[in-house]
Each structure stands twice: as structure tokens, then as C-alpha cells.
Amino acid sequence: VTPGKQFTDCTTFFGAQMSDTHYMEETQDGIKITNTIVVKGPLGWLWIKLVAQHVANSIPEEMDALVKRAWEIHG
């Protein structure tokens with residue numbers, strides 16, 4: 001965690017590890033949020049299909065919730 005900048009969720013699966021990094025930066029147009037998912041390990045391909053793809057598909061809703069929470073805190 002880097003307060004106000006980024007945080008990473010890490011998960012260990014049988015034969016793989018997944019990290020999901022959320023990075024926030026201020027631009028002249030507002031806050032830019034970048035989300036990067038990395039899956040490593042010999043069974044990574046399996047966990048991409050079972051979990052990571054679902055996580056990636058849910059990013060738009062997750063980003064909306066993150067923006068809403070930021071407005072509640074910093075409004």
C-alpha cells in the first residue's frame with residue numbers, strides 16, 4: 001500500500017499466484033485509475049480462466065465503486 005497512490009491485492013492459488021494492482025494518479029483531466037492483474041505460476045492458465053477473467057470483467061464496476069468512495073472521503 002502506498003496511501004493515496006496504489007494498493008495491491010495478492011492471492012495464492014494451488015500452482016499460481018495472482019496480484020491485482022490499483023494505481024491512482026492525478027492528471028489535468030482528473031484522477032486516472034489503472035488496474036493491472038498478473039497471474040504467475042505453472043497453473044496460471046487455469047486460474048486465469050477460473051478467477052482472473054472474472055476479476056478483469058468486474059473492473060468497471062469496481063472502479064465505479066472506488067470513485068464513489070473517493071468522493072465520499074474527499075468530496
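**Contacts, core and strands**

Trainee: What does V55 touch, leaving out residues up to four places away in sequence?
Mentor: M18, D20 and I37. Keep in mind that this is a predicted model.

Trainee: And D20, what stands opposite that in β3?
Mentor: I37 does.

Trainee: How many bridges join β2 to β3?
Mentor: There are 11, between β2 at residues 16-27 and β3 at residues 30-40, and the two strands run antiparallel. They form a hairpin, with two residues between the strands.

Trainee: Back to V55. Which residues make up the largest nonpolar core?
Mentor: Seven residues: V55 itself, plus F13, A16, M18, V39, W47 and A52.

Trainee: Which element gives the most to this core?
Mentor: Helix α1, with three residues. Both β2 and α1 supply at least two residues each. As a general point, nonpolar side chains in soluble globular proteins tend to be buried together.

Trainee: New topic. How many aromatic pairs does the structure hold?
Mentor: One. The ring centres of F13 and W47 are 4.4 Å apart and the planes are at 10°, so the pair counts as stacked. The cut-off for stacked is under 30 degrees.

Trainee: Where do F13 and W47 lie?
Mentor: F13 is in strand β1, residues 6-13, and W47 is in helix α1, residues 44-57. The pair therefore ties together parts that are 34 residues apart in sequence.

Trainee: Are F13 and W47 buried or exposed?
Mentor: F13 is buried, and W47 is too.

Conventions. Residues numbered from 1 in each chain as written. Predicted model: local features only at pLDDT ≥ 70, side-chain atom pairs only at ≥ 80, totals over all residues. Heavy atoms only, no water. Phe/Tyr/Trp six-rings, centres within 6.5 Å; stacked < 30°, edge-to-face > 60°. Helix = DSSP H or I, 4+ residues; strand = E, 2+ residues; numbered from the N terminus. Buried < 20%, exposed > 50% of the residue type's maximum accessible area, 1.4 Å probe, protein only. Pairing = 2+ DSSP bridges. Core = buried A, V, L, I, M, F, W, Y, C linked by side-chain atoms within 4.5 Å. Contact = heavy atoms within 4.5 Å.
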